[in-house]
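Please keep the 3D view open while you go through the points.

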Amino acid sequence: MTHTPAGEDTAAPAAPERLRRVAVASFIGTAIEFYDFYIYGTAAALVLNQAFFPTLDPVNATLASFSTYAVAFAARPLGSVVFGHFGDRVGRKSVLVASLLLMGLSTALVGLLPGYGTLGIWAPLLLIVLRFLQGIGLGGEWGGAALLAVEHAPKKRRGLYAAFPQLGPSVGFFAATGVFWLLSAVLDDGAFRSWGWRVPFLLSFLLVAVGLFVRLKISETPVFAKVMDAREASKVPALDVLRRHPRELLLGAGGMIIAYGLFYTATTYCLAYATGTLGVSRNTMLALSLIACLFLAAGTWLAATRSDGAGRRKLVLAGTAAAVVWGLVLFPLLDTGQPVLIAVAIGGALFCMGVVYGPMGAYLPELFGTTVRYSGASLAYNLGGVLGGAVSPLVATRLQAAFGSGSVGWYVTAMAVVSLLCVLALPETRERELAG
């Protein structure tokens, strides 16, 4: 068994062509998988309450719809354990192919699922099953895509190459929102609610084929290949993470809370709130969400690429500090009902989220050793999703109904404070070696 001397990174620099291929594969894969994930959130805000929970009053139907949405977040840590286990023992590439298949097919089947009027209680139950499978698939996706980029990249450019999988959610969200906006614009309300909302889900069949074509052409990461050559793979990676890296796991998850909280409050919840409570038209809100998504992409790229020079921790701290303030601004701007101010509200929230999220593509993987990196980074990322993403629309709906929209803003600020404290307790990692 060979050992890497401390401070020495044995991964050979990848050829430029291989790096380009890896960047494209990690970007396209996360864009497709997050498109799959986000179309469910948009549908949950706009139509799933009536299609699958028509017997409930509006508030409880919305809560039920968001509850099925939250199921996938509960499943994502399980997906991290399952896919992380094989990703740390078998390799990054094969696991990424499997996660893409599971995510894409379970998403497409939602588009074929009859509603409550046809299947009765079986309709929401089957919806929950498919949403659970979505969560399992996405639980294995992000960690593998981030490691694919980071473990191929030169040390001084890990933030840059990690920016590509981090841009996937921005593009996936833009595509998901754009498809719904187009359908909402060309179909009348009856057609949209009857069958139009299913089209984005059915498109997943095509997207999975594209993703598989791209991912099957990439090679295993050189860092992990050395682990396999030396027969140093962990037998039970998830247990090793808990034994060796509990602090990094919990603090990393805490740092991710505000990224998820901002995103799902500013998109899923605000879409439902603005159309249902403020009376803003569905088309207007979808168009404003498209504009706001550009702010997410800008924040993600800016922070991820700057993190190679300024450091991951410093930029994540800047994003969380900005989110502390923006949580108090978000709903006063939104409640004006003015499209320009709504765009500023949502765009500002997503920009803050991007500044936090961008460096995390390199930051979380750098917190863990090679033999448990897939499991550790994935678990931290997805546990943060449970705490910040799964419950945000549910808590926001309850808070707004009981105390008004201002209380939701304070909730966002509280999440930002928690993340700020967690990141303050973490070290800087940009100078760390990945081998070992």
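**Notes on helices, charges and rings**

1. Let us start with helix α6, which is mostly covered: 24 of its 31 residues are buried. Here "buried" stands for under 20% relative accessible area, "exposed" for over 50% and "partly exposed" for what lies in between, with a 1.4 Å probe and protein chains only. Helices (H or I, at least four residues) and strands (E, at least two) are DSSP runs, numbered from the N terminus. From first C-alpha to last, α6 reaches 46 Å, close to the 45 Å expected at 1.5 Å a residue; the expected span is 1.5 Å times one less than the number of residues.

2. A word on the source. This is a predicted model, in which local features need pLDDT of at least 70 and side-chain atom pairs count only at pLDDT 80 or more, while totals for chains, interfaces and linings use all residues. Residues are numbered from 1 along each chain as its sequence is written, and side-chain values use heavy atoms, leaving out hydrogens and water.

3. How many salt bridges are there? The count comes to ten, taking a salt bridge as a side-chain nitrogen of Lys or Arg within 4 Å of a carboxyl oxygen of Asp or Glu. One of them joins E431 and K156, at 3.3 Å from N to O. This pair links distant parts of the chain, 275 residues apart: E431 is in the segment after α19 (405–424), and K156 is in the loop between α6 (122–152) and α7 (158–186). E431 is partly exposed at 44% relative accessibility, and K156 is exposed at 55%. Both belong to a network of salt bridges that links K155, K156, E431 and E433.

4. Now look at R158 and E366, whose side chains meet in a salt bridge of 2.9 Å, N to O.

5. C270 is buried at 0% relative accessible area, and C352 is buried at 6%.

6. The aromatic rings deserve a visit: the structure holds 19 aromatic pairs. Rings of Phe, Tyr and Trp (its six-membered ring) pair if their centres lie within 6.5 Å; planes under 30 degrees apart count as stacked, over 60 as edge-to-face and the rest as tilted. Y38 and Y264 are edge-to-face because their centres are 6.3 Å apart and their planes at 65°. Y38 lies in helix α1 (residues 16–46) and Y264 in helix α13 (residues 246–276), so the pair ties together parts 226 residues apart in sequence. Both Y38 and Y264 are buried, and both are members of one aromatic cluster, with W142 and F173 also among its residues.

7. Finally, two arginines meet rings. The charged end of R131 sits over the ring of Y40, 4.2 Å from its centre, and that of R282 over the ring of F192, at 4.1 Å. For this, NZ of Lys or CZ of Arg must be within 6 Å of the ring centre and within 35 degrees of the ring normal.
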